Amino acid sequence: WIARPIARGFDAPKTTQGWVRRCQKVLDQFQPLEEEYKTIHKNSERAASLQKIVDRDGPQKIAFVGSKGHSLPEKSQVESSIACSHPLKLSWSSSLPLIDSSWIWPTTLFEQDLIIYVLPLPLRASDLLWLEQVPDDQPSWVMVSSNSLSNDWTEQLKALQSQLPHRWTNRILRWSESDKDFSKLLTPVRRVLNQPHRNLDLTRQRLLAKLHSSWQSDLENLRRRKYRVIQNRTQWVVAGAVFASPVPSTDLLALSVANGLMIQEMAQIWSCSWGAESLQVIARQLARAAVAQGVVEWSGHALLSVAKFHGSSWFAAGTMQALSAAYLTRVVGRSMADWM
């Protein structure tokens, strides 16, 4: 019951303004840490990156993309077929590698408002891996290059749908390279392009979410760096108090008090406000450490009670208990840091 974790999830904003407020909050949390490590200039760069996304505007960007070794439709044909009442910026890229060590969706494609992935048949493993990297919240379609007869296409489509992730089931466009008329083919794409404000807003939210994630990673590194100083100091304070304690019961008191002070300092680093849920987690972590330390006390003092009557063996017994207390303090601190 003590070790049972509390389920938590990230409550992601649903609007652009919500993401801007969340990013601004992270910027404010950088401030004291950056000042301490004399890297405050980085916060100005972060603020500029945030403002660049907020100021991002049209025209809508749509990219036709594919992996190496496969041709894309002619740009002039697509431009005439996809034209709508709103300005567009089209880009062509058939440069996705067939072999990649990371399989990370390129940033230039991540910033596109819409993606059309031109896919050759039969399906290649490299194309499947790239399709899995397309963000779920990025409007996208698969354009299948097929010259087969119509009665063969039905079977090909069923086979392809069984191989692709479920999100692509109703987003497959059939392109016959001999067919020069793209108007009917691109009808669902034009329908989405007729909502430019919605598309641009969704892209801003996606870019802000990615920016927020990268900032959180940088912020956590700074927090852990500062926390390690507190952890090293606290664990040896606890070890010294336990080693010098002549009464077994005071060991638990020293452990709880020192860990409580350490957690207060950690709360300032992680900008945590103590609510009912926070206090519940802290109580569990401290109780877990106290129980574990109690086991050490019960076993150690029972086995070494006689040894502590002698000066030489007192040192060995005290050292064992001091090191175990320091280790338990380290465990409590890291657990709380992960939770925070």
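## Before you start

Because the model is predicted, local features need pLDDT of at least 70 and side-chain atom pairs count only at pLDDT 80 or more, while totals for chains, interfaces and linings use all residues. Residues are numbered from 1 along each chain as its sequence is written, and side-chain values use heavy atoms, with hydrogens and water left out.

## The whole protein

The protein has eleven helices and five strands. Both are DSSP runs numbered from the N terminus: helices are H or I with at least four residues, and strands are E with at least two. Of its 340 residues, 42% count as buried. Here, buried means under 20% relative accessible area, exposed means over 50%, and partly exposed lies in between (1.4 Å probe, protein chains only).

Next come the contacts, meaning heavy atoms within 4.5 Å. Among contacts between residues at least 6 apart in sequence, 79% join residues at least 24 apart.

Let's look at helix 2, which covers residues 41–54. Its 14 residues reach 21 Å from the first C-alpha to the last, close to the 20 Å expected at 1.5 Å a residue. That expected span is 1.5 Å times one less than the number of residues.

Which residues of helix 2 are buried? They are Asn 43, Arg 46, Leu 50 and Ile 53. These residues cover an arc of only 80° around the axis, so they sit on the same side of helix 2. The arc is that of the directions from the helix axis to the C-beta atoms. On the other side of helix 2, Ser 44 and Lys 52 are exposed.

## Helix 2 meets its partners

The buried residues of helix 2 pack against helix 1 (16–36) and helix 8 (196–244). The axes of helix 2 and helix 8 come within 9 Å and cross at roughly 165°. Axes are lines fitted to C-alpha atoms, for helices over the stretch in contact, and angles run from 0 to 180 degrees between N-to-C directions. Helix 2 and helix 8 are therefore roughly antiparallel to each other. Angles over 145 degrees count as roughly antiparallel, under 35 as roughly parallel, 65 to 115 as roughly perpendicular and the rest as oblique. On the helix 2 side, the contact is made by Arg 46, Ser 49, Leu 50, Ile 53 and Val 54. On the helix 8 side, Arg 204, Leu 207, Leu 208, Leu 211 and Trp 215 take part.

Helix 1 and helix 8 have axes that come within 9 Å and cross at roughly 25°, which makes helix 1 roughly parallel to helix 8.

## Loops worth a look

Two cis peptide bonds can be found in loops. One joins Gly 58 and Pro 59, with omega about 5°, and Pro 59 lies in the loop between helix 2 and strand 1 (60–67). Another joins Leu 121 and Pro 122, with omega about 0°; Pro 122 is in the loop between strand 3 (114–120) and helix 5 (125–133).

Trp 103 has a positive phi of about 55° although it is not a glycine. Is Trp 103 buried or exposed? At 16% relative accessibility, Trp 103 counts as buried. Arg 167, in the loop between helix 6 (150–163) and strand 5 (172–175), counts as partly exposed at 27% relative accessibility.
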